[in-house]
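Please look through the model below with me.

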Amino acid sequence: MNRAKTELLVGLFVVLTIAAGLLLALQVANQNMSTDGESYTLYAKFDNIGGLKPRSAVKVGGVVVGRVASISLDKEDFTPVVALSISSQYSAFPETSSVSILTSGLLGEQYVGFQPGFSIDGIENLQDGDYIADTKSALVLEDLIGQFLFSRGDD
Amino acid sequence: MNAIQAIGAKTLSKIATFGRAGQMLFGALVALPTLKNVHLTVKQMYVVGVQSLLIIIVSGLFIGMVMALQGYTILVGYGAEGSLGPLVALSLLRELGPVVTALLFAGRAGSALTAEIGLMKATEQLSSLEMMAVDPLRRVVSPRFWAGFISMPMLALIFSAVGILGGYLVGVDWLGVDAGSYWSIMQATVEWDKDVMNGVIKSIVFAIVVTWIAIFKGYDCIPTSEGISKATTQTVVYSSLAVLGLDFVLTALMFGIE
């Protein structure tokens with residue numbers, strides 16, 4: 001085995017590794033969404049966020065428009081504040097939009113459902129850093145059961 | 001009294017072994033491949049890397065295929081066969097890629113390294129090198145160490161990628177999972193820095209451990225045919241145990257507490 005042939009085969013090995021790395025980066029981990037720097041941030045306060053996690057999807061009618069950037073607790077009224085990082089190409093949502101925490105499928109993970117509101121004169125679009133006023137919390141099974149038992153008790 | 005003495009002597013000799021292993025590793029690390037002798041490392045990368053490609057690709061393909069088959073039969077009961085993508089990708093990237101590659105590498109390349117260096121020692125080639133004022137650590141040990149250190153993470157990446165393609169082959173082409181959901185749910189779940197990078201860090205740690213054990217066992221073997229055979233066996237056993245034990249520690253550190 002002469003040196004040139006060895007170097008060629010090792011070079012092929014390196015090329016194969018780069019191909020595998022590219023496959024993992026682009027097809028498996030999909031770096032595009034997170035490295036897409038052009039985005040703006042909206043905030044929403046919920047009573048209960050259920051199992052929402054950072055990097056959960058934000059969807060409008062099933063189309064992913066952004067990700068949950070961070071989740072924190074408001075220091076004054078102790079409600080969870082969710083920061084939503086929305087891609088800049090979707091920038092003209094009216095102020096009357098609402099967000100709710102939904103579950104994909106029966107056992108799927110939770111995501112933020114974004115409902116664009118109506119837009120008439122005098123209603124402005126949401127800007128970077130705005131709070132979305134109309135929010136619906138995640139469904140918590142224990143609360144549902146509690147409400148059900150409570151309403152049964154009334155009868 | 002003799003028994004206690006024997007325990008003491010055994011402990012001391014074990015600790016001395018660690019000392020020699022540390023010295024050898026230090027010698028190999030200091031002797032970084034320079035531009036002049038980088039061809040030695042390239043040649044060893046051919047031996048430990050390129051020649052391991054076949055077993056890595058075949059095992060990766062079949063492990064991905066088996067995982068897709070097993071995962072599908074369970075997930076389809078919940079109507080969640082769309083989650084097959086993340087199941088295959090996460091188990092390969094986080095665990096099976098680095099671990100199985102390290103185990104195969106220990107069996108395929110580690111044992112060969114031990115036997116080669118052991119035979120060099122038994123036939124006094126290492127002593128001859130020293131007689132010619134060539135440092136065997138620099139000439140023989142260091143290129144092999146760096147070649148293993150570089151090759152194994154590359155093999156682990158290839159293993160994971162091929163495994164995911166194997167899962168695609170069985171899950172999508174054969175069992176009829178939707179191709180779109182296979183990739184898109186995988187993309188939504190797999191994170192570059194958390195899953196892919198932690199897998200790479202794991203395989204770098206395994207690469208150091210396996211290559212270190214393999215080279216040291218050869219360098220430190222008893223220079224007889226029996227000693228070489230014992231050292232080769234020990235290489236495979238010790239590196240497999242070290243990989244599995246370290247994998248638990250690393251997993252606990254990386255994924256244990258959110």
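Q: How many residues does the contact take from chain A and from chain B?

A: This is a predicted model, in which local features need pLDDT of at least 70 and side-chain atom pairs count only at pLDDT 80 or more, while totals for chains, interfaces and linings use all residues; side-chain values use heavy atoms, with hydrogens and water left out. Residues are numbered from 1 along each chain as its sequence is written, and chains are lettered from A in the order in which they are written. With contact defined as heavy atoms within 4.5 Å, the numbers are 23 residues from chain A and 27 residues from chain B.

Q: Which three residues supply 27% of the area that chain A buries against chain B?

A: Buried area is the accessible area, with a 1.4 Å probe, that two parts lose on being put together, summed over both. Chain A and chain B bury about 2300 Å² in this way, and 78% of that area lies on carbon and sulfur atoms. The three residues of chain A that contribute more than any other three are Phe13(A), Leu24(A) and Val28(A).

Q: What is the count of salt bridges between chain A and chain B?

A: A salt bridge requires a side-chain nitrogen of Lys or Arg within 4 Å of a carboxyl oxygen of Asp or Glu. Between chain A and chain B, the count under this rule is zero.

Q: Is Ser97(A) buried or exposed?

A: Ser97(A) sits in the loop between β4 (80-87) and β5 (98-103) of chain A, where strands are DSSP runs (E, at least two residues) and helices are DSSP runs (H or I, at least four), numbered from the N terminus. Leaving aside residues up to four places away in sequence, Ser97(A) touches several residues, including Phe114(A), Leu126(A) and Ile132(A). Buried means under 20% relative accessible area, exposed over 50%, and partly exposed in between (1.4 Å probe, protein chains only). Because its relative accessibility is 1%, Ser97(A) counts as buried.

Q: Where is Phe78(A), a residue other than glycine with a positive phi?

A: Most residues other than glycine have a negative phi. Phi of Phe78(A), however, is near 55°, and the residue is exposed, with a relative accessible area of 59%. Its place is in the loop between β3 (63-73) and β4 of chain A.

Q: What value is phi of Ala133(B) near?

A: Ala133(B) lies in the loop between α5 (125-131) and α6 (136-174) of chain B. At 72% relative accessibility, Ala133(B) counts as exposed. Its phi is positive, in a residue other than glycine, and is near 60°.
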